[in-house]
Amino acid sequence: MNLSFAGCGFLGIYHVGVAVCFKKYAPHLLLGKISGASFGALSACCLLCDVPIGEITSDVLRVVREARAGSLGPFSPSFNVQNVLLEGMEKHLPHDVHKIVSGKLHVSLTRVYDGKNVIVSEFATRQDLMQALLASCFVPVFSGMLPPRFHGIRYMDGGFSDNLPVLDENTITVSPFCGESDICPRDLSSQLFHVNVANTSIEISKQNINRFARILFPPKPEVLSNMCKQGFDDALRFLHRNNLISCTRCLAVQTTFQLQDVLDDTSFDYDPECEECKTHRQDALVDNLPDTVMTIFQNAIDSANHGLVNWVMRQRGMQYLSILTIPYRVPIDIMYATFTNYIGDRVETHALQYSVVRNVHVRRKICRRHNNHMTRFVSCTPKMSKSLWRLSLSLLQQLHGFVYYAHDRSDVAAQIYYKLTADRKRELCDKAGQMERRRASEVRISYGDTVLSDADTFEHILSVTSHNDALLAYYYLDSDNKMKLTEIYDVTDAESAAVQSPAERDANRHLEFDNDWAADLVHDNEQLDIEAMDEEDELADRNIFSDPESEWVRRCSISSASESDGEQPESDQRLATNLNNYTVTHMD
Amino acid sequence: MGLDNWTGGWWSWTRQSDVMLRNVEKKILSCLKTAYKRFYVDIGSVVGESDKIWTISLNEESPKTPLVMLHGMGAGVALWCPNLDAFAATRPVYAIDLLGFGRSSRPKFSSDAAKVEAQWVDSVEEWRRELNLPQFVLLGHSLGGYIATAYAIKYPDRVRHLILADPWGFPEKPANVYEKHQVPLWVKAVATAVQPLNPLWALRAAGPAGRWLVSKTRPDLSRKFTPYVPDAETVIPEYIHQCNSQTPSGESAFHALMHGFGWAKNPMVKRVNEISPSLPVTVLYGSRSWVDNCTGQVLAETRPKGAKTYVQVINGAGHHVYLDKADLFNKYVIEACARADDDEQPSIRDANETDPPANTTS
């Protein structure tokens, strides 16, 4: 089962609502491929790498706020949508995002020179992915003059050729325009004529005309909030109509058996007797957008409506005045933008030089990274203030580093320094951020304690969970009506003592070579072992010897909630028998 | 027009010509494997002076109950090409261009909704009388579904089984359509400006660019026809363009049926009870269709107990349900026809029934 998100500019908030619903009620649908164009590709990417919805929402709202602030709205010279998107991606996408999404995420692009559609699904690096996403969001004139390059060829918004890439027959299409898509708003107006623009079917109705205007001109937060709600409701209705909502137990069984033919004509084979499913479905019927998302919207609406400045701006006279002064404000805006562009670029170059110098001391890799111009592919945008801030920060850190070196040159200190300065933010963001995104805030607090202490079990689990993909993850309600999340990890190749005791690891290693034909090849095994040690550097994090047929089973359960293995669904346990499993259960 | 004849139609703004339409239709129909016949049926003066209905027939020799197909708004007989072969394998099949569409005559219809409906129904009835069909299975898509229902209400004895594929005109216009979403003034202005125009005005206004416009606004149609029709990318837009660039009499009639923007003036939902309870009805919907698919349920609920109503939603299909999932659609229609064969209704025995019982099993 695949998902496809239509590109739709600022209407993308609709996709956020759909995503919330899918995460909550049909996480099994997110296991397949997800395709999209423009903002659809962005939301597909966020869904695949599990960026928390709340953050996406606030980020979208931030972009909208910036877009509405300028003199010409989103067309103001000081608003650069590419830059804003890039910032958002830098902040939210995990560092191994290209590994997570390669093969799953399908980004629709339009090749500029012949207007043909290209679908990209393999990304070598994180930069590569971000470049593809930016290209997919590039609307000429609106985003800039020159389309960005991806692998040397210029591309622009996929919406110009294929706005709703359909990968195969079993694709659920999501579109914020009322039309012939699986999940779309159903307007109560005309039910008669529709056009097909770049593979997206759009009904000709008043609402759709209105929505069309909203693609590039973002509406007020109130309207956005309604759109998000609409997305949630539409997705829920779709799931309900296709009997895709079921309890965790049934879900796990379904996941193992038939993920393929849900949309076939044969009606979906679910167990109608399952009481849990029934109640789950009943709950879903009356459900609404989760509070986390709603509060963000509420805050945005409040901040736009409260305060003296907003009150003054809301007055009719003020509105007329602002329209009348546009001819005067635009040149000023253009001048300002040009100035900040020029100065900002200068300052940024300086900041870059400083950070290069700084990083020579610390780590060569980062130095290389900074020298790489790929990181600066959209540098022609105003970010003077940010660059200034970064410059001063880097100077401060530099100073701090020197002082620290003078005090103590021991390894430990260097490590702490390393943690505190240059990579502090990145490391913390990487681990804690991911952790926090995936899990409850409770976990984050306990993580805060463990960061500074010595390596302990929890940190190792943390590293395992943040660096590996879960084989299976699902949410369910336990008997106390608390949302629980179970993730199952493959830790056969984990090196840490916390996850596997030395004896176990030893056994594991032996078992890994324990093939049927291996009995008479003992010395071969030893050779292999040596080879493995030689290659350890390269293959450190790859499970090269995992033997799917080995019957070796070990389960280790660490619960932050008091919960035993027995409480987990049977199907889960059955699934577990074929894998080396590692289960982390959290309470939400 | 005389001028058009000797200038090769160069002076005609829309580049419409009956010869072209005939040829392009022939090109599309060349994909059929069953032998077919195309002919005009003269139905005399129903709406205009002498109206003719363009008909295509397949497998007329079969003794079983024939199937009559009515197309939707702006379409024509050729668009049934993914289905004709399958249907003709079991029974006689007739598909017609509705009066005012395709190659049929284009008389001026009344401007009153009830009269327009009656005119259309009468044209179908006259056509039936000309062909001397005692009874048939009636299949209607979109607007054709509306006319088929109206026909079944007026002539219940003639229809053995009513099949509605995504029918138009069932639900009533809700009173508070625009309360939920506030639309800005300029949108309302555009909508009001467009309202008095015929639905496909843009196609005719585009003139020589009409075909291009069709291929740009509905590229999905030609794409969906690609497996069936060779050269679909050019042929299908050409056909749709040629069908709709003539005098828009059918369109105006449809416009008269409309209330607001796409709602029916006399919605069928109110008249469901008038459908004879002994008439089995099959409703086929595409799950993605924008036509409200709850009307199938409404139909099933409002019809009296004992009346046979089958509702089938075809997953993954849009409004053009016969095209999106042609195989499934064919399967369901053939099943419905087989049911019609099985139904031995005493009430229709008097209507010179010719079906021998041996043929009723398929």
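Before you start, know that the model is predicted: local features need pLDDT of at least 70, side-chain atom pairs count only at pLDDT 80 or more, and totals for chains, interfaces and linings use all residues. Residues are numbered from 1 along each chain as its sequence is written, while chains are lettered from A and ligands numbered from 1 in the order in which they are written.

**Stop 1: chain A as a whole**

Select chain A. You'll find 24 helices and 13 strands (helices are DSSP runs of H or I with at least four residues, strands are runs of E with at least two, and both are numbered from the N terminus). Of its 588 residues, 36% are buried (buried takes 20 or more other C-beta atoms within 10 Å of a residue's own, exposed 12 or fewer, partly exposed is in between, and C-beta atoms are placed from the backbone).

**Stop 2**

**Stop 3: helix α3 of chain A**

Select residues 53-69 of chain A. This is α3(A), with 17 residues, reaching 24 Å from first C-alpha to last, close to the 24 Å expected at 1.5 Å a residue (the expected span is 1.5 Å times one less than the number of residues). Its buried residues include Ile53(A), Ile56(A), Val60(A) and Val64(A). An α-helix has 3.6 residues a turn, so residues three or four places apart point the same way.

What covers those buried residues?

Keep α1(A) on screen. The axes of α1(A) and α3(A) come within 11 Å and cross at roughly 175° (axes are lines fitted to C-alpha atoms, for helices over the stretch in contact, and angles run from 0 to 180 degrees between N-to-C directions). That makes the pair roughly antiparallel (the word covers angles over 145 degrees). Where they meet, α1(A) brings residues including Val16(A) and Val20(A), and α3(A) residues including Ile56(A) and Val60(A) (contact means C-beta atoms, placed from the backbone, within 7 Å).

Next, click Pro27(A), in the loop between α1 and β2 (34-37) of chain A. Is Pro27(A) buried or partly exposed? With 18 other C-beta atoms within 10 Å, Pro27(A) is partly exposed. Ile245(A) is 218 residues away in sequence, but 9.8 Å away in space, C-alpha to C-alpha.

**Stop 4: the sheet in chain B**

Switch to chain B, with 14 helices and 10 strands. Here 49% of the 362 residues are buried. Eight strands, in the order β1-β2-β4-β3-β5-β6-β9-β10, form an open sheet with mixed pairing (strands pair if DSSP finds at least two bridges between them). β1 (36-44) and β10 (309-314) of chain B each have a single partner, so one side of each lacks a neighbour in the sheet. Neighbouring strands are turned by 20° on average, direction ignored.

Zoom in on β1(B) and β2(B), a hairpin with 6 residues between the strands. They pair antiparallel over 8 bridges, and Phe39(B) stands opposite Thr55(B). On to β4(B) (93-96): 4 bridges join it antiparallel to β2(B) (51-58), with Ser57(B) opposite Tyr94(B).

Finally, select residues 81-88 of chain B: α3(B) lies across β2, β3 (67-70) and β4, running at about 155° to β4(B).

Technical notes: Two residues are in contact if their C-beta atoms, placed from the backbone, lie within 7 Å. Angles under 35 degrees count as roughly parallel, over 145 as roughly antiparallel, 65 to 115 as roughly perpendicular and the rest as oblique.
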